[in-house]
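Here is a short briefing on a structure that may be new to you. Look it over, then read the points below.

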Amino acid sequence: MDFISSIPWELIAWSLAKTIFLIFIVVLPMVSYTVYAERRVSALIQDRLGPNRTGMPISLLGAKKDWQPFSLGGLGQPIADAVKFLLKEDFVPAHVNTIYFWMAPCLAMMPALITLAAIPFGSEFFGNKMVVADINVGLLFMFAISSIGVFGIVLAGWSSNSKYPFLGSIRSTSQMISYELSMGLSAVPVLLICGSTSLGHIVDYQGQHGWLLAPFMGAMPGAREILLWIPVLIAFITFSISMFAETNRLPFDLPESEQELVAGYHTEYSSMKFALFFLGEYTAMIAGSALVVVLFFGGWHLPGVPDGAGHGGLAFLHIIPAWIWGLVNIGVFLAKVVVLLFIFIWVRWTLPRFRYDQLMKLGWLYLFEIALVNIFLTAGILAFTK
Amino acid sequence: MAYVVPRPNLTWKEKIYLPSIVAGLFITIKHLKQMLSGQTKVVMQYPEEKWDSHMPDHYRGAPTLVKDEHGRERCVACQLCEFICPPRAITIKPEEIPAESKFAKVEKRPKEFEIDMIRCIYCGLCEEVCPEQAIFLRKDYAITGTTRAEMKHDKAKLYELGGVMDGLVNKWNPKK
């Protein structure tokens with residue numbers, strides 16, 4: 001009896017609810033619709049329309065035509081894609097190393113999903129913090145877990161026992177390891193300014209002192225915030241470039257360059273395994289965008305909007321109950337992530353990819369040094385302006 | 001022997017690459033905005049918008065046989081189109097026109113004339129080579145069927161699709 005009442009049921013229930021909400025209601029649909037958005041936005045950039053006439057695929061269940069009572073504008077396309085991945089033949093070639101072949105897609109998808117646990121996607125909702133795991137080493141947790149994502153690609157290329165996947169995976173491995181260095185180092189100025197690695201504290205600091213990258217959004221910026229804006233801008237640029245490299249997105253697309261390597265490290269994969277790689281890449285994009293939003297753009301904070309407990313913001317808005325502002329904060333966070341995802345897609349369809357030696361030079365000679373110097377610059381400004 | 005490739009000297013702006021990234025981003029966002037605002041009109045949404053009403057005169061659609069204004073089928077089964085057809089889509093079996101017919105002077109007509117539309121490449125060589133102005137490519141491009149047998153157009157179907165054409169050269173005038 002004592003044991004049962006000592007189990008923190010409420011905590012477990014809230015954690016489960018937040019996890020289910022985050023993964024199944026927010027992130028997985030977002031991943032599918034990011035694929036759809038990429039197809040549409042890339043099409044519009046290339047002077048054509050993307051998929052704009054998909055109906056609901058009920059012809060699988062025996063209906064004559066797919067159902068489309070009014071024009072959905074192609075929004076049924078991700079559902080059709082999901083159905084395709086489920087029904088396709090899952091072909092495992094005879095020449096692969098079976099254990100690692102089956103393990104690799106999981107290792108590509110899982111770290112991206114696990115890193116989402118530490119991100120505060122909202123402020124508060126009925127007294128509960130809107131973050132699945134409010135750990136006080138949140139930033140280190142994210143860097144550590146996203147490093148595991150490299151193993152998915154290494155094992156995929158290695159186990160495929162084939163030329164092109166091998167080449168793609170060794171390129172990707174070296175690329176991801178090189179850019180992890182500058183990614184970690186370029187986030188250190190943010191740590192120095194906010195004084196904590198806990199992502200919740202970083203967002204709270206930005207709520208009080210204005211967004212790091214846009215100091216006028218929030219409190220009135222003093223001379224110190226304006227001066228700190230320079231190293232923060234450099235940190236943002238290096239962090240974003242490293243984030244592009246970490247998620248294997250153009251211009252760092254070499255591991256999966258369609259023109260050179262057939263399909264790179266996921267050549268030998270079909271159906272659901274390929275879907276896991278594909279969705280894992282987009283989930284990593286979403287996790288990366290969420291991290292950039294938390295570190296540089298103020299997380300769920302919008303100037304003038306109170307947080308989920310009813311504090312802050314403009315005074316007359318306190319009439320509306322606090323939990324509605326909790327939902328508004330979640331919406332603000334998702335909107336910022338969507339803007340960053342659009343920028344990811346926009347950059348992909350603008351730039352040509354880097355050559356391999358240019359890529360490694362950029363990672364080791366330029367970004368690494370710039371991130372290091374930036375740390376000293378931030379520390380100097382912080383020390384001399386207090 | 002080491003050959004040093006002459007590379008251009010880059011300005012500092014080109015070296016850091018970021019200004020040209022931003023310039024490129026502006027170009028692509030301009031394309032996006034022009035598509036969204038409807039300024040770029042390059043896309044024809046196919047089943048809703050078709051260009052059947054304003055196709056060019058020389059458009060090569062499906063080949064058909066024509067009859068002239070006297071009701072005579074123009075084809076004399078010379079088999080020139082059968083021999084020139086690159087994918088060999090045309091199959092002709094000629095026969096004699098019986099002596100009691102009005103057009104007995106012509107002497108030859110096709111007993112069977114079949115074009116396999118799956119093989120046809122719409123090149124128009126049969127129309128070019130025909131000495132009798134009997135075979136013409138019309139403007140119909142969406143030839144579909146549910147079986148392979150359906151896609152072989154026989155003589156009746158070809159005359160049905162072709163119809164009657166006036167103003168063609170009459171080589172078989174009985175007076176001359």
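Two strands pair if DSSP finds at least two bridges between them. Strands (E, at least two residues) and helices (H or I, at least four) are DSSP runs, numbered from the N terminus. This is a predicted model, where local features need pLDDT of at least 70, side-chain atom pairs count only at pLDDT 80 or more, and totals for chains, interfaces and linings use all residues. Residues are numbered from 1 along each chain as its sequence is written, while chains are lettered from A and ligands numbered from 1 in the order in which they are written.

**Sheet in chain B**
- E2(B) and E3(B) (residues 108–116) pair in the antiparallel sense over seven bridges.
- B:Pro94 stands opposite B:Pro110 of E3(B).
- The open sheet has three strands, ordered E2-E3-E5, with antiparallel pairing.
- Its edge strands are E2(B) (90–96) and E5(B) (152–153), and each pairs on one side only.

**Helix pair in chain A**
- The axes (lines fitted to C-alpha atoms, for helices over the stretch in contact) of H4(A) (residues 98–115) and H9(A) (residues 271–296) come within 8 Å.
- They cross at roughly 25°, with angles running from 0 to 180 degrees between N-to-C directions.
- H4(A) is therefore roughly parallel to H9(A) (angles under 35 degrees).

**Domains of chain B**
- An automatic or database domain assignment sets the bounds: domain 1 covers 11–43 and domain 2 covers 52–162.
- The centres of these two domains, taken over C-alpha atoms, are 52 Å apart.

Methods: Angles under 35 degrees count as roughly parallel, over 145 as roughly antiparallel, 65 to 115 as roughly perpendicular and the rest as oblique.
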